[in-house]
Amino acid sequence: MDSALISEYKQKIVEAGRFVTSCGVMSLSKHGNISARIPGEDAFLLTAGGTLSELGPENIALYELDGTLVEGAVEPTSAEIVDMHGVVYRLRPDAGGALHTHSPAATSLAVAYEPIPLIYEAMARFDMTDGVPLAGYGPRGSSESVDNIARAIKENPNTGGVLLANHGVLTFAADPMSSVRANVVIEEAAILYMNARAIGQANPIPAHMVGLTQRRRDEFAEMGVQRAS
Ligand SMILES: [Zn+2]
């Protein structure tokens, strides 16, 4: 495997680690793990220990998609959760990065066994039009837990994350940095969902508007930066 490519993607994980610890979604413990798919290879990199804010290349291990360790030294707590990331890359060919945290609002809904419906525009803009489903509980990284994650992903193809019952949240996107942004959107959606229900009801985006929301995003993206003529 191309060692320059591996180094490049380790650096993407290091940068995503710094970003996620700076954007306010972490729980008090600051616990989390981040992975990146190696393009063109049936392999991914995953944090193997250390803290997300101060990762180095030595804290990142290389795995085959089935979870076989190829390179690196992995702490026990990190070894437990390898397949939680592997299942994302096996089921979502479009995923290039995945992140797991215990973001407090999202995890509160995971404890309440409440999936998040499509109630927040940012969810539609991040292609989470199926909402954020709930994966039933199993011990972290176990086959029971991973099977539940797989079912949630298969039943909700248009999502960027899964709530992990009694545990936390798992997000995924085109690259590690985007998986952090997905975590931010889900945490915001979780806060809004709980607050809205506390004062009244949380209303889904009208179904006929969802496609229009995404089309408008795409049209402006295609036009690029607008400048005065
Ligand atoms: Zn966890």
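Tyr113 sits in the loop between H4 and H5, and although Tyr113 is not a glycine, its phi is positive, at about 60°. In this predicted model, Tyr113 counts as exposed because 12 C-beta neighbours lie inside 10 Å, and a residue with 12 or fewer such neighbours falls in that class. Most residues other than glycine have a negative phi.

**Backbone with positive phi**

- Asp127, a residue other than glycine, also has a positive phi, with a value near 60°, and Asp127 is found in the loop between H5 and S6.
- Asp127 is partly exposed, because 17 other C-beta atoms lie within 10 Å, a count that falls between the limit of 12 for exposed residues and the limit of 20 for buried ones.
- Gly224, which follows H8, has a positive phi near 75°.

**Overall build**

- The protein's secondary structure consists of 8 helices and 8 strands, and its radius of gyration of 18 Å is close to the 17 Å that the globule rule gives for 229 residues, so the protein is as compact as a globular protein of that length.
- Taken along the principal axes, the box filled by the C-alpha atoms of the protein is roughly 50 × 50 × 30 Å.
- Buried residues make up 42% of the 229 residues of the protein.
- Among contacts in the protein with a separation of 6 or more, 65% are between residues 24 or more positions apart.

- Two packed helices are described by the angle between their axes and the distance between the axes.
- Helix H4 (residues 104-112) packs against helix H7 (residues 176-199) at an angle of about 60°, and their axes are 7 Å apart.
- H4 and H7 are therefore oblique to each other, since an angle counts as roughly perpendicular from 65 to 115 degrees and as roughly parallel under 35, and their crossing is left-handed.
- On the H4 side of this contact are Ala105, Ala106, Ser108 and Leu109, which meet Ile186, Glu187, Ala190, Ile191, Tyr193 and Met194 in H7, and by class the residues of this contact are 8 nonpolar, 1 polar and 1 charged.
- Helix H1 (residues 3-22) also comes up against H7, with the two axes within 8 Å and a crossing angle of roughly 20°.
- H1 and H7 are therefore roughly parallel to each other, and their crossing is right-handed.
- Lys12, Ile13, Glu15, Ala16, Phe19 and Val20 of H1 make this contact with Pro176, Met177, Val180 and Asn183 of H7, and the residues involved divide into 7 nonpolar, 1 polar and 2 charged.

**Helices H3 and H6**

- The axes of helix H3 (residues 82-91) and helix H6 (residues 143-155) cross at roughly 30° and come within 10 Å, which makes H3 roughly parallel to H6.
- The crossing of H3 and H6 is right-handed, and the contact joins Asp83, Met84, Val87 and Leu91 of H3 to Ser145, Val146, Ile149, Ala150, Ile153 and Lys154 of H6.
- The contact of H3 with H6 contains 7 nonpolar, 1 polar and 2 charged residues.

**Buried residues in loops**

- Ser103 lies in the loop between strand S5 (97-101) and H4, and Ser103 counts as buried because it has 29 C-beta neighbours inside 10 Å.
- Leaving aside residues up to four places away in sequence, Ser103 touches Val25, Ser27, Val169, Asn183 and Glu187; of these, Asn183 is one of the H7 residues in the contact with H1, and Glu187 is one of the H7 residues that meet H4.
- Ser103 and Ile60 are 43 residues apart along the chain, and their C-alpha atoms are separated by 22 Å.
- Gly131 is placed in the loop between helix H5 (121-125) and strand S6 (134-135), and Gly131 is buried because 22 other C-beta atoms lie within 10 Å.
- Not counting residues up to four places away in sequence, Gly131 touches Pro115, Ile116, Pro117, Leu118 and Thr159.

Technical notes
Residues numbered from 1 in each chain as written. Predicted model: local features only at pLDDT ≥ 70, side-chain atom pairs only at ≥ 80, totals over all residues. Axes fitted to C-alpha atoms, helices over the stretch in contact; angles between N-to-C directions. Helix = DSSP H or I, 4+ residues; strand = E, 2+ residues; numbered from the N terminus. Parallel < 35°, antiparallel > 145°, perpendicular 65-115°, else oblique. Left-handed = near helix turned anticlockwise from the far one by under 90°. Contact = placed C-beta atoms within 7 Å. Nonpolar A, V, L, I, M, F, W, Y, C, P; charged D, E, K, R; others polar. Rg over C-alpha atoms; globule rule 2.2 N^0.38 Å.
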